[in-house]
Amino acid sequence: MRPSLVLDGLHPQRSLPNTWKKLAERDRQQETVGINLSNFSFLDHPEETLTSIKEIAIAEAHALSARLNFKDKNCLDVAPFMTLMEFWSDMVPIFEGGEMDFPMQKVLAATGVSQAMGIGLGGVSDFDDVWAFPLTRRRRPGSTVSRTRFVDVPTRDTATTRFCTAMNDWLGQPDISLELSDSGAAKLMNLLGEVLENAERHSDGARRDGAWSVSGFLTRDSSDLEGEWKYRASIGIISVGNTFSESLSRAHPNQLEKIDEYVKAARRDGARQSDETLRTVCALQDTVTCVSEAEEESRGGYGLMDILDFVDGLGQTDDPALLPRVTIISGRSCIRLFGSYISGKEVPGEVHSPRVQWFNKENSAKVRPDENHVFDLSASFPGTVISIGFCLDPSYLSRIFNDA
């Protein structure tokens, strides 16, 4: 049995006696375990998708052979595959193929996720209608050899550069024909850079030396009845280690007091979510950070809201079915941002106030969050997954920028 933070988190009984069996001790008569994965998307089916990933972790502990059958024709969300990637090399090699449609193979090969998992997709040579934000990963916590690890962050620079290159590729499609300005590119690089820096600081406790992975893709779907292409984007950001709730235990006492007040207020209003999930809601708000010196200097804690503003602004469309969505899974906590709860809002009447999103009509920290958007999961991921989905609507973008 190989040690694995993710496998142990998904399958807590894995390390108990007689749960994980050596391959030589597994039943030779048992049939190959078939695991069917459909609607494999944190954006639309977070509970079912994480449960399916847990099923894979359980099979690794006892099965002699298994097959993964991906039933979706297209890749609906890159984040679940990135989650698999985080523990794939920690499993004993019981998986022997399965089903995967060609459009999904194209996405996984283009992004580099399949290569990171060691899955051979040698037959994929056609990447038409797929534009990748290539996978970038920061090494596992504590493994850096740099003496200036808080300054020397080439991987983060690589990720932000690749992100801007990908966005220019996506916006540069002939029927969109837009490009980032220098200031826009700089803003995007800072935006993603802060989120990744936060992942490094928050997921690895006092060392602030955590690992992360980021990737994404844009696909062009077949044209609709009016002859327009639909461009669908997916971005995944994953950090393994401390959850949002766990990292906030290291926050400045002033913030800990405010978080405790929020949990108590939500309880008084009848909130049924766990304390962990309510604290995770707090982690989204502007200025909330687990870094005490950032609180003392009134900086930090803006990265998530900046991401949400970016997605909300770029991903608007006249098609209600394609509006932007974001799902955040951290431990057992799940937060789904969509519709009127897609981004944060400044407090009315206050100039440049912090953006907040409390997931209720009043947008009030004294009212419990909507259970359709904030809830507990039956399985737990040891870290945080951010799954982002939006479309680029050529007609909408053309109208907006022509009016600007």
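Reader: Where in the chain is Cys-391 placed, and what makes Cys-391 count as buried?

Author: In this predicted model, Cys-391 sits in strand E7, which covers residues 374-392. Its relative accessibility is 5%, and since buried means under 20% relative accessible area, Cys-391 counts as buried.

Reader: Which residues is Cys-391 in contact with, leaving aside its neighbours within four places in sequence?

Author: With those neighbours left aside, Cys-391 is in contact with Tyr-231, Arg-232, Leu-314, Gly-315, Thr-317 and Leu-322. Cys-391 and Thr-219 are 172 residues apart in sequence, yet their C-alpha atoms are 9.4 Å apart in space.

Reader: How do you know that Ile-235 is buried, and where is Ile-235 found?

Author: Ile-235 belongs to strand E5, residues 230-240. Its relative accessibility is 4%, and the cut-off for buried is under 20%, so Ile-235 counts as buried. Beyond its neighbours within four places in sequence, Ile-235 is in contact with a set of residues including Val-78, Phe-133, Phe-163, Trp-170 and Ile-388. Ile-235 and Ala-132, 103 residues apart in sequence, have C-alpha atoms 9.9 Å apart in space.

Reader: Val-78 also belongs to H3; why is H3 described as largely enclosed by the rest of the structure?

Author: Eleven of the eleven residues of H3 are buried, and therefore H3 is largely enclosed by the rest of the structure. Among these buried residues are Val-78, Phe-81, Met-85, Glu-86 and Trp-88.

Reader: What makes Asp-77 a cap of H3?

Author: A side-chain oxygen of Asp-77 lies 3.0 Å from the backbone nitrogen of Ala-79, and Asp-77 caps the N-terminal end of H3 in this way.

Reader: Why are H2 and H3 called roughly parallel?

Author: The axes of H2 (residues 46-62) and H3 (residues 78-88) cross at roughly 25° and come within 11 Å. Angles under 35 degrees count as roughly parallel, so H2 is roughly parallel to H3. The crossing in which H2 passes H3 is right-handed.

Reader: Which residues of H2 and H3 meet, and how do they divide by class?

Author: From H2, Thr-49, Ile-53 and Ile-56 meet Pro-80, Thr-83, Leu-84 and Phe-87 of H3. The residues of this contact divide into five nonpolar, two polar and no charged.

Reader: Why are H7 and H12 called oblique to each other?

Author: H7 (residues 182-202) and H12 (residues 303-314) pack at an angle of about 140°, with their axes 9 Å apart. Roughly antiparallel requires an angle over 145 degrees and roughly perpendicular one of 65 to 115, and with about 140° the two helices are therefore oblique to each other. H7 passes H12 in a left-handed crossing.

Reader: Which residues make the contact of H7 with H12, and what are their classes?

Author: Leu-188, Leu-191, Glu-194, Val-195 and Asn-198 in H7 meet Gly-303, Leu-304, Asp-306, Ile-307 and Phe-310 in H12. By class, this contact has six nonpolar, two polar and two charged residues.

Reader: How many helices and strands are in the chain, and what percentage of the residues of the chain count as buried?

Author: The chain has 13 helices and seven strands, and 51% of its 404 residues count as buried. Among contacts between residues at least 6 apart in sequence, 73% join residues at least 24 apart.

Key:
Residues numbered from 1 in each chain as written. Predicted model: local features only at pLDDT ≥ 70, side-chain atom pairs only at ≥ 80, totals over all residues. Heavy atoms only, no water. Axes fitted to C-alpha atoms, helices over the stretch in contact; angles between N-to-C directions. Helix = DSSP H or I, 4+ residues; strand = E, 2+ residues; numbered from the N terminus. Left-handed = near helix turned anticlockwise from the far one by under 90°. Contact = heavy atoms within 4.5 Å. Nonpolar A, V, L, I, M, F, W, Y, C, P; charged D, E, K, R; others polar. Buried < 20%, exposed > 50% of the residue type's maximum accessible area, 1.4 Å probe, protein only. Polar contact = N/O pair within 3.5 Å; in protein donor to acceptor, adjacent residues only side chain to side chain.
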